[in-house]
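Trainee: Could we go through this model together? I would like to begin with the strands and then turn to the charged pairs.

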Amino acid sequence: MRLLLAVIHLPGLVAGWLWVLLFYPWAAHKLRIGTLDDEPLMLMASWRPWAARIWKYTTTIGRGMVGQPGELSVRLIRHEAVHVRQSVDRSALALVVGAVVWAATGDLVLGLALWATGWAWQLPNFVTAAARWGVSRAYRDSEHEKSAYAQADPWPGGGSWAERKP
């Protein structure tokens, strides 16, 4: 099943790796390939100190992640892994939509383009969050961020949803 998920998320892997390599070596360093909370084939790096002062966030795109130096706590790893799973889910949806469009129109290029962009389909969440809560809350109150925080942050009695998974 992991191989199937990797094939479904291939555009997200390529986009994420290209994104990390874009910042490496001038703004990011300590490049490594690894697993992020059971999500394999992650290309990860850390922001260089000067870049970390400008961009104070760990950011994951597809299967690429650039984080704050020394900040990879268990909670943060779980949070970013939720974003990877969200991206995989959207890639799967995009693959189905692309296949339906191809079958209905005969336009293979359009079908492949839909699949290739599926990993990014959560970006409109920022627009709808800004419309609901205002621009200043568009990041933290977007539905994909709320989901990641809810799954990774500790519950009042300790533990989290991520710790309960099989």
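Predicted model: local features only at pLDDT ≥ 70, side-chain atom pairs only at ≥ 80, totals over all residues.

Trainee: Are the faces of strand β4 covered or open?

Mentor: Both are covered: Gly-64 and Val-66 on one side, and Met-65 and Gly-67 on the other, are buried (under 20% relative accessible area, with a 1.4 Å probe and protein chains only). Strands here are DSSP runs of E with at least two residues.

Trainee: How many bridges join β2 to β4?

Mentor: Four, and the two strands run parallel; pairing requires at least two DSSP bridges. Val-66 is the bridge partner of Ala-45.

Trainee: And which sense applies to β3 and β4?

Mentor: They pair in the antiparallel sense over three bridges. They form a hairpin with two residues between them, and Gly-62 in the turn has a positive phi of about 55°.

Trainee: Changing topic, which residue forms a salt bridge with Glu-39?

Mentor: Arg-63, with the closest N and O atoms 3.3 Å apart; the rule is a side-chain nitrogen of Lys or Arg within 4 Å of a carboxyl oxygen of Asp or Glu. Glu-39 lies in strand β2 and Arg-63 in the loop between β3 and β4, so the pair ties together parts 24 residues apart in sequence.

Trainee: Are those two buried or exposed?

Mentor: Both Glu-39 and Arg-63 are buried.

Technical notes:
Residues numbered from 1 in each chain as written. Heavy atoms only, no water. Buried < 20%, exposed > 50% of the residue type's maximum accessible area, 1.4 Å probe, protein only.
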